[in-house]
Amino acid sequence: MTGGARTPEDLETLLEDTFVLRDGEAIAELFEDGAVLVADGTRDARGGPEIEHLVTEMWQRNRTYLAEPRRIVQAGNTALIMTGGGAKVVCGGADGTWRYAIALLTQDH
């Protein structure tokens with residue numbers, strides 16, 4: 001992933017882009033080490049390889065993702081992103097790049 005997300009909003013756009021491109025490796029790079037992704041309340045995927053696997057399963061079910069942040073609350077290098085289809089906790093790293101720590105996707109878009 002070139003450059004990475006410089007804001008929480010950018011991170012949402014990159015997640016949508018990786019869904020469109022179906023790029024599992026790029027998806028994993030959007031998450032912190034040890035991050036968790038929960039999709040449709042089915043199961044938790046923890047860490048890059050599990051997240052990549054879960055997202056691949058989502059693609060096989062024709063699952064998409066639309067970036068639609070409705071509210072972003074930020075305190076320092078941590079932010080909460082509320083969307084129509086879930087919530088996410090994101091962290092800004094020392095390198096200035098934002099990544100997901102927790103992502104809860106609850107609705108099909």
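How many of the 7 residues of strand 5 (residues 86–92) are buried? In this predicted model, 5 of them are buried, so strand 5 is largely enclosed by the rest of the structure.

Strand 5 pairs with strand 4 (78–83) and with strand 6 (98–105). The pairing with strand 4 is antiparallel and comprises 6 bridges. A hairpin of 2 residues links strand 4 to strand 5. Within this pairing, Thr83 lies opposite Gly86 of strand 5, and Met82 lies opposite Ala87 of strand 5. On the other partner, strand 5 and strand 6 are joined by 7 bridges, again in the antiparallel sense. Here Gly92 is placed opposite Trp98 of strand 6. The hairpin between strand 5 and strand 6 has 5 residues between the strands, and Gly96 in its turn adopts a positive phi of about 85°.

Strand 4 also pairs with strand 3 (69–75), in the antiparallel sense and over 6 bridges. In this pair Ala75 faces Thr78 of strand 4. Strand 3 and strand 4 form a hairpin with 2 residues between them, and a positive phi of about 65° is found at Gly76 in the turn.

Ala79, Ile81 and Thr83 make up the covered face, whereas Thr78, Leu80 and Met82 make up the uncovered one. In a regular strand the side chains alternate between the two faces of the sheet. Met82, a residue of strand 4, counts as partly exposed because its relative accessibility is 35%, between the limits of 20% and 50%.

The largest nonpolar core contains 24 residues, of which Phe19, Ile27, Phe31, Leu37, Ile51, Val55 and Tyr100 touch the most other members. At least two residues of this core are supplied by each of helix 1 (8–21), strand 1 (31–39), helix 3 (47–60), strand 4 and strand 6. Helix 3 provides the largest share of the core, 5 residues. In soluble globular proteins, nonpolar side chains tend to be buried together. For Tyr100, the contacts beyond four places in sequence are with Leu11, Glu12, Leu15, Leu30, Phe31, Glu32, Ala35, Lys88, Val89 and Val90. Among these contacts of Tyr100 is Phe31, which is also one of the core residues that touch the most other members.

Ala28 belongs to helix 2 (residues 24–29). Ala28 counts as buried because its relative accessibility is 16%, under the limit of 20%. Leaving aside residues up to four places away in sequence, Ala28 touches Gly48 and Glu52. The C-alpha atoms of Ala28 and Arg99 are 9.8 Å apart, although 71 residues separate the two in sequence.

Positive phi values also occur in residues other than glycine, at Arg22 and at Asn62. Most residues other than glycine have a negative phi, and most peptide bonds are trans. Arg22 is located in the loop between helix 1 and helix 2, and its phi is near 55°. With a relative accessible area of 43%, Arg22 is partly exposed. Asn62, with a phi near 60°, lies in the loop between helix 3 and strand 3. Asn62 counts as exposed because its relative accessibility of 59% is over the limit of 50%.

The loop between helix 3 and strand 3 also holds Ala67. When residues up to four places away in sequence are set aside, Ala67 touches Glu12, Thr13 and Glu16. Between Ala67 and Val90 the C-alpha to C-alpha distance is 14 Å, at a sequence separation of 23 residues. Glu12, one of the residues touched by Ala67, is also among the contacts of Tyr100.

Terms used: Residues numbered from 1 in each chain as written. Predicted model: local features only at pLDDT ≥ 70, side-chain atom pairs only at ≥ 80, totals over all residues. Heavy atoms only, no water. Helix = DSSP H or I, 4+ residues; strand = E, 2+ residues; numbered from the N terminus. Buried < 20%, exposed > 50% of the residue type's maximum accessible area, 1.4 Å probe, protein only. Contact = heavy atoms within 4.5 Å. Core = buried A, V, L, I, M, F, W, Y, C linked by side-chain atoms within 4.5 Å. Pairing = 2+ DSSP bridges.
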